[in-house]
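Trainee: Could you show me how to read cavities and symmetry in a model like this one?

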2 protein chains.
Amino acid sequence: MPLVNLKDIQISRILAENPASKSINILAKFKDRDGDVILLISKPPFTKDLMQNIISEDTLAQVQLENDIYSQYSLTPKAELNLLKSTVIYPATEKHINKYSDHQFYLLQETPNDYRNITLPFIEKNAFSAQWVERILKHESESENIIFEDPDRDTGFILLPDLKWDKKQLSDLYLVAICHRHGLRSLRDLTSSDLPLLRNIRNQGIAAIKEKYGVNQSQLRIYIHYQPSYYHFHVHFTHVKYEAPGSVVGRAHLLEDVIENLELFPNFYSQKTLSFVIQECDALLAEYRKCGRLT
Amino acid sequence: MPLVNLKDIQISRILAENPASKSINILAKFKDRDGDVILLISKPPFTKDLMQNIISEDTLAQVQLENDIYSQYSLTPKAELNLLKSTVIYPATEKHINKYSDHQFYLLQETPNDYRNITLPFIEKNAFSAQWVERILKHESESENIIFEDPDRDTGFILLPDLKWDKKQLSDLYLVAICHRHGLRSLRDLTSSDLPLLRNIRNQGIAAIKEKYGVNQSQLRIYIHYQPSYYHFHVHFTHVKYEAPGSVVGRAHLLEDVIENLELFPNFYSQKTLSFVIQECDALLAEYRKCGRLT
């Protein structure tokens with residue numbers, strides 16, 4: 001039976017807070033039911049339509065500070081114009097609680113030796129299945145979403161919108177290019193012999209996005225994640241204005257830089273120490289801990 | 001006279017919207033007064049105290065979707081528990097309107113030639129005054145904020161909190177190290193002869209932050225901006241969890257990478273093409289346009 005109000009809910013503890021995105025995750029109990037409930041609560045973005053109603057007599061303004069031409073106010077719009085969005089998970093398992101809890105982040109430095117001795121064995125042992133990638137490459141799923149395909153087995157790729165993009169506006173444009181070639185795990189594996197693949201993804205990716213969405217090259221941030229979330233080589237294309245999750249330094253490497261580094265130094269990525277951000281809950285971190293590589 | 005409600009305000013147009021941070025900038029007129037007014041409206045973060053009041057009988061819940069253990073709701077808390085924050089600027093000038101308007105962003109690629117022919121002459125012509133930097137280095141201002149100083153003229157620096165950090169919590173820790181040496185403009189100027197300076201900033205910066213705030217090296221993202229906002233060499237230290245503005249690829253370069261690139265290739269940064277994000281309103285962009293370097 002759906003909730004009518006929040007009277008039967010009692011907060012156990014705050015799992016996570018994100019002041020930047022104005023969201024909070026709460027672990028709670030129902031007063032009259034067993035088990036844990038999780039509430040994910042966030043403030044939705046403003047919309048133009050709603051602003052017309054908020055800028056009105058019904059919105060009370062209380063001055064907090066006045067200084068010359070600047071003043072600061074607390075505004076109290078009518079409650080129904082200023083809703084919160086909530087996802088409720090009930091009954092919540094330990095796995096849910098872990099997923100929605102604040103995790104510690106670490107920035108690790110992976111030397112070429114660390115890669116050989118820690119990361120590579122970990123990747124190989126876990127043999128991450130990327131069944132969904134295979135299905136895309138074989139046109140068994142999402143084929144209606146494909147924006148562009150170059151079928152070449154060596155330098156070809158499929159370009160399609162990332163699931164994070166709702167395709168409603170260009171301001172958060174997010175596409176991904178997945179290469180056809182197998183066996184290329186990540187940035188670490190790239191050498192100058194992969195330059196034809198990288199240049200092909202860059203040039204044809206840019207052209208396809210220009211053709212389909214009218215977005216110019218100078219409006220695109222094109223990058224590779226390290227560590228990637230799956231070990232089949234792929235490239236991210238996002239709108240330059242959109243500071244997408246994972247576009248920060250310590251995770252993202254501009255494709256343009258990768259190409260030029262390999263042009264100048266053919267084995268750049270197998271010789272370099274690569275820094276990456278990792279979460280407490282990531283199993284790879286445990287491997288680094290075991291080897292005493294966390295400072 | 002301060003506003004009591006928003007009845008006398010009429011929206012002219014939306015200047016900018018930021019769905020990620022839940023804020024909106026509005027240009028408007030007072031019905032009874034001349035001149036432009038700007039309203040910067042944002043949704044404040046959640047606080048733990050307020051959540052205790054929001055999770056109550058007074059918060060209405062309207063179900064939007066139910067699927068197995070997941071359900072989605074619109075919540076209507078009492079209006080006074082869910083305020084908006086607003087800054088009002090009146091009368092607003094063209095300069096204010098420009099400052100608070102959405103600008104186009106571009107990602108430019110600066111070759112070594114572009115730097116010599118476009119960027120460097122622009123920097124030299126404009127001779128950006130960084131009087132406030134000089135005042136810090138001479139202990140004429142903010143000296144009470146200095147966390148650490150190494151006075152060496154060649155490899156020394158001052159470490160202090162950035163003004164963006166309110167110092168209330170470590171989750172958005174933000175410090176900046178400003179070198180004592182003059183004449184080092186940016187990343188472009190660095191060669192392997194600057195490694196003692198860079199290593200000194202890294203090592204002593206990390207040690208000082210550990211000592212003062214108890215934050216470990218693995219919790220720090222340490223980086224250099226290109227282009228920087230002022231051309232006196234400095235390094236940013238932020239909490240790894242905090243994806244600070246300017247920590248995205250296309251602006252931020254990890255100090256660790258910079259050091260290693262110079263160890264491997266002494267002239268790396270004078271030989272490389274450097275990509276950077278630039279706003280429509282930046283005068284440097286106009287120079288790139290003139291030279292036909294915007295694609």
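Trainee: What classes of residue make up the lining of the second largest cavity?

Mentor: Sort them first: Ala, Val, Leu, Ile, Met, Phe, Trp, Tyr, Cys and Pro count as nonpolar, Asp, Glu, Lys and Arg as charged, and the others, Gly among them, as polar. Here the lining has five nonpolar, four polar and one charged residues. Among them are A:Arg185, A:Tyr230 and A:His232. This is a predicted model, where local features need pLDDT of at least 70, side-chain atom pairs count only at pLDDT 80 or more, and totals for chains, interfaces and linings use all residues. Side-chain values use heavy atoms, without hydrogens and water, residues are numbered from 1 along each chain as its sequence is written, and chains are lettered from A and ligands numbered from 1 in the order in which they are written.

Trainee: Which residues lie nearest the centre of the largest cavity?

Mentor: A cavity is a set of points on a 1 Å grid over the protein atoms alone where a 1.4 Å probe fits but cannot get out; lining residues have an atom within 4 Å of a point. In this model, A:His253, A:Asp257, B:His253, B:Asp257 and B:Asn261 lie nearest the centre, out of 27 lining residues.

Trainee: By what turn can chain B be laid on chain A?

Mentor: Copies are superposed by least squares on the C-alpha atoms of residues with pLDDT of at least 70 in both. Chain B goes onto chain A by a turn of 180 degrees and a shift of 0.0 Å along the axis, with an RMSD of 0.1 Å. That's the relation of a two-fold axis. In chain B, B:Val248 comes closest to the rotation axis, at 1.9 Å (C-alpha).

Note on methods. 1 Å grid on protein atoms, 1.4 Å probe; cavity = no way out; pocket = protein on both sides within 12 Å on 5 of 7 lines; lining within 4 Å.
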